[in-house]
Amino acid sequence: MSSATSKKEASIVDQKRPSDPTDSADVVFSCGRCGLTESCHYLGREPPFCSDQVRFEEDSFVLRDPFTPEYFDARGRRRVGFLLLGGKCFVSDCSNGGGVCVDCSVFYKHRFCLDCLAANMDAFPSEVQVKIQRKLDAEGKAAEQRTGGGKKKAKK
Ligand SMILES: [Zn+2]
Ligand SMILES: [Zn+2]
């Protein structure tokens with residue numbers, strides 16, 4: 001078999017490519033619950049552009065924070081701030097299997113989406129239930145405001 005690899009082409013591509021491969025946001029994150037869709041830089045547990053202390057306990061969608069200036073760590077490696085967009089719901093047959101954003105999920109040992117949490121409330125300890133309830137309430141309020149019912153303000 002004759003496989004002609006075009007080295008010239010490759011070098012041209014190389015020149016155009018950003019020096020740091022993590023510059024390109026080519027991982028697509030989309031929340032199966034609220035529909036948030038965002039391009040991000042990394043899916044996994046140890047983003048190569050974050051400090052060594054950053055290790056997630058689950059596969060996470062990570063975006064480089066455009067508002068944090070980059071810096072160099074003690075070993076001269078380029079480091080940037082990051083934003084955690086979300087992760088995957090731990091429930092294997094979850095309908096939001098593609099991923100859920102941080103607003104639509106709670107992390108307790110694993111990440112769970114609010115749908116699975118609400119359906120299995122009793123399986124979680126009370127402090128987690130409080131957290132879940134708070135998120136659900138916040139969502140309810142947001143929906144209220146969107147429909148124009150949020151005009152009531154606290155008295156002076
Ligand atoms: Zn969401
Ligand atoms: Zn779920």
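Reply: Lys109 is exposed, with 10 other C-beta atoms within 10 Å. Residues are numbered from 1 along each chain as its sequence is written, while chains are lettered from A and ligands numbered from 1 in the order in which they are written.

Back to our residue. Lys109 sits in the loop between E9 and E10, and it has a positive phi of about 65° even though it is not a glycine. That's worth a second look, because most residues other than glycine have a negative phi.

What does this loop connect? E9 (residues 105–108) and E10 (residues 110–113) are strands that pair in the antiparallel sense over 4 bridges. Strands (E, at least two residues) and helices (H or I, at least four) are DSSP runs, numbered from the N terminus, and two strands pair if DSSP finds at least two bridges between them. Together E9 and E10 make a hairpin with 1 residue between them.

Now slide along to Ser105, which is in strand E9. Is Ser105 buried or exposed? With 27 other C-beta atoms within 10 Å, Ser105 is buried. Two residues are in contact if their C-beta atoms, placed from the backbone, lie within 7 Å. Setting aside neighbours within four places in sequence, the contacts of Ser105 include Arg111, Phe112 and Cys113, along with Gly86, Gly87 and Val100. The C-alpha atoms of Ser105 and Cys116 are 9.1 Å apart, though 11 residues separate the two along the chain.

E3 is joined to strand E4 (residues 60–64) by 3 bridges, and Leu43 has Phe61 of E4 as its bridge partner.

Strand E7 (residues 82–87) holds Leu85, which counts as buried because 25 C-beta neighbours lie inside 10 Å. Leaving out neighbours within four places in sequence, Leu85 is in contact with several residues, among them Phe61, Val62 and Leu63, as well as Phe29 and Glu38. Those last two face each other: Phe29 stands opposite Glu38 in E2.

Strand E1 (residues 27–30) and strand E2 (residues 37–40) pair in the antiparallel sense over 4 bridges, with Thr37 of E2 as the bridge partner of Ser30. There are 6 residues between E1 and E2, and Gly35 in the turn has a positive phi of about 85°.

Zooming out, the chain has 3 helices and 10 strands. Of its 156 residues, 21% count as buried. Helix H3 (residues 126–146) is hardly covered, with 0 buried residues among its 21. From first C-alpha to last, H3 reaches 30 Å, close to the 30 Å expected at 1.5 Å a residue; that expected span is 1.5 Å times one less than the number of residues.

Finally, how far can you trust the picture? pLDDT is the predictor's confidence in each residue, from 0 to 100. The chain's mean pLDDT is 84, and 80% of its residues reach 70 or more. Among the elements, E8 has the highest mean (97) and helix H1 (residues 7–16) the lowest (46). Over residues 5–19 the pLDDT is below 50, and beyond near neighbours in sequence this stretch has 2 contacts in the model. Where pLDDT is low, the predicted coordinates should not be read in detail.

Definitions and conventions
Predicted model: local features only at pLDDT ≥ 70, side-chain atom pairs only at ≥ 80, totals over all residues. Buried ≥ 20, exposed ≤ 12 C-beta atoms within 10 Å, placed from the backbone.
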